[in-house]
Amino acid sequence: MKGLKFILAGILFGVIMSKSEAISWYRIQEMFRFQSFHMYGIIGTAVIIGAIAVFLIKKFKIKDTDGSQIVLQDKKKSWPRYIIGGSIFGLGWALTGACPGPMFVNIGYGYWSMLIVIFGSLLGTYLYGVIRDKLPH
Amino acid sequence: MIELLKQPWPWYTSGISIAFIMILLLVYGKSFGFSSNLRALCTLAGAGKRVKFFDFDWKTQKWNLLFLIGSILGGWLSSTVLKNEEPMHLSAATILDIEKLGVAFDGQMNPSAIFGADFATSPKGFLILLVGGLLVGFGSRYAGGCTSGHAISGLSNLQIPSLLAVIGFFAGGLIMTHLLLPYIF
């Protein structure tokens, strides 16, 4: 089954996020209060290793499993959508302690009330789709 | 081995593993970004008939939806076979600060004061969780990505837009934590 590797990658992701407590509302509060290095260590390590890997992938023109060269798309250059959209995201992140991945990991962990948060996030995504032409990007 | 995995993982183990997932998905020809699933789920629910933004072939995101299903299974594994019975070691300063908000530290993964059935099904609690989710969903699509797409994938690719988005994530998070939360809970 071709999709199995993605399910396995997802399982690994869910375990990492849970076991490092990155799905915890408490840890997100600790981060936004600068009272522990934990979350900064996680994100910082991932970015440093990720940046080295991306550099090497580009330098040696590494191919993916389908045989095509790995291309990383550049994000569109502008600022309003990133600053405004990012800030709106941050408000919700600090309130619920969950960004999109951890919402679902938390469901598996047994936090059923997270379904309300997921439902809200789908509403928010839908709302963006409805009014996106009126927003500065 | 299983005893070792049961322990809370240190930040470096987690950071290295997250980078590994990002690289793995690149090697599979995909790009690590979780919030794209929210758009695909709207499309699956039929939003494409009404709103153009959702009129796309969700099957291009099938791999990501499988990743989502895996992440739920990963959460379940962590709360069962890999469960660590010891209470979480949260910083003492955070415990004091959130107690002032009226959120008692219970040593679990998430506070029952917020995610327990009593609060979550009360009108106030339901509204807080719903609006919080709405902000995350709206904001991540507006910004074109969430923590995985911008903070991990984007910063690893040295994208200035992703840096702006991460600055936004923190601006919003700091405003919520330090200015708004005292009035909410």
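Predicted model: local features only at pLDDT ≥ 70, side-chain atom pairs only at ≥ 80, totals over all residues.

Colleague: How many salt bridges does the structure hold over all chains, and what is the count between chain A and chain B?

Modeller: Over all chains the structure holds 5 salt bridges, while the count between chain A and chain B is 1. That bridge joins the side chain of Arg33(A) to the side chain of Asp97(B), with an N to O distance of 3.7 Å.

Colleague: What about polar contacts across the interface of chain A and chain B?

Modeller: There the rule finds 33 residue pairs in polar contact, counting pairs in which both residues are at pLDDT 80 or more. On the side of chain A that touches chain B, the elements giving two or more residues are α1 (4-19), α2 (25-32), α3 (38-59), α4 (80-96), α5 (100-109) and α6 (114-131) of chain A. By class, the residues of that side divide into 59 nonpolar, 31 polar and 14 charged.

Colleague: How many residues does the contact take from each chain, and what area is buried between chain A and chain B?

Modeller: The contact takes 104 residues from chain A and 120 residues from chain B. The area buried between the two chains is about 10000 Å², and carbon and sulfur atoms give 77% of it. In chain A, the residues that lose the most area to chain B are Phe6(A), Lys19(A) and Tyr26(A), which together account for 9% of what that side buries.

Colleague: Switching topic, how do α3(A) and helix α9 of chain B pack?

Modeller: Helix α9 of chain B covers residues 147-156, and α3(A) packs with it at an angle of about 35 degrees, the axes being 7 Å apart. Their crossing is right-handed.

Colleague: Which residues make that contact?

Modeller: From α3(A) they are Ile43(A), Ala46(A), Val47(A), Gly50(A), Ala51(A) and Val54(A), and from α9(B) they are Ala151(B), Ile152(B), Leu155(B) and Ser156(B). Sorted by class, the contact of α3(A) with α9(B) has 8 nonpolar and 2 polar residues, and no charged residues.

Colleague: Last one: how many helices and strands are there in chain A, and what does the secondary structure of chain B come to?

Modeller: Chain A has 6 helices and 0 strands, whereas chain B comes to 10 helices and 0 strands. Taken along the principal axes, the C-alpha atoms of chain A fill a box of roughly 45 × 40 × 40 Å, and those of chain B fill a box of roughly 45 × 45 × 35 Å.

How values were computed
Residues numbered from 1 in each chain as written. Chains lettered and ligands numbered in written order. Heavy atoms only, no water. Contact = heavy atoms within 4.5 Å. Buried area = accessible area lost by both parts, 1.4 Å probe. Salt bridge = Lys/Arg side-chain N within 4 Å of Asp/Glu carboxyl O. Polar contact = N/O pair within 3.5 Å; in protein donor to acceptor, adjacent residues only side chain to side chain. Helix = DSSP H or I, 4+ residues; strand = E, 2+ residues; numbered from the N terminus. Nonpolar A, V, L, I, M, F, W, Y, C, P; charged D, E, K, R; others polar. Axes fitted to C-alpha atoms, helices over the stretch in contact; angles between N-to-C directions. Left-handed = near helix turned anticlockwise from the far one by under 90°.
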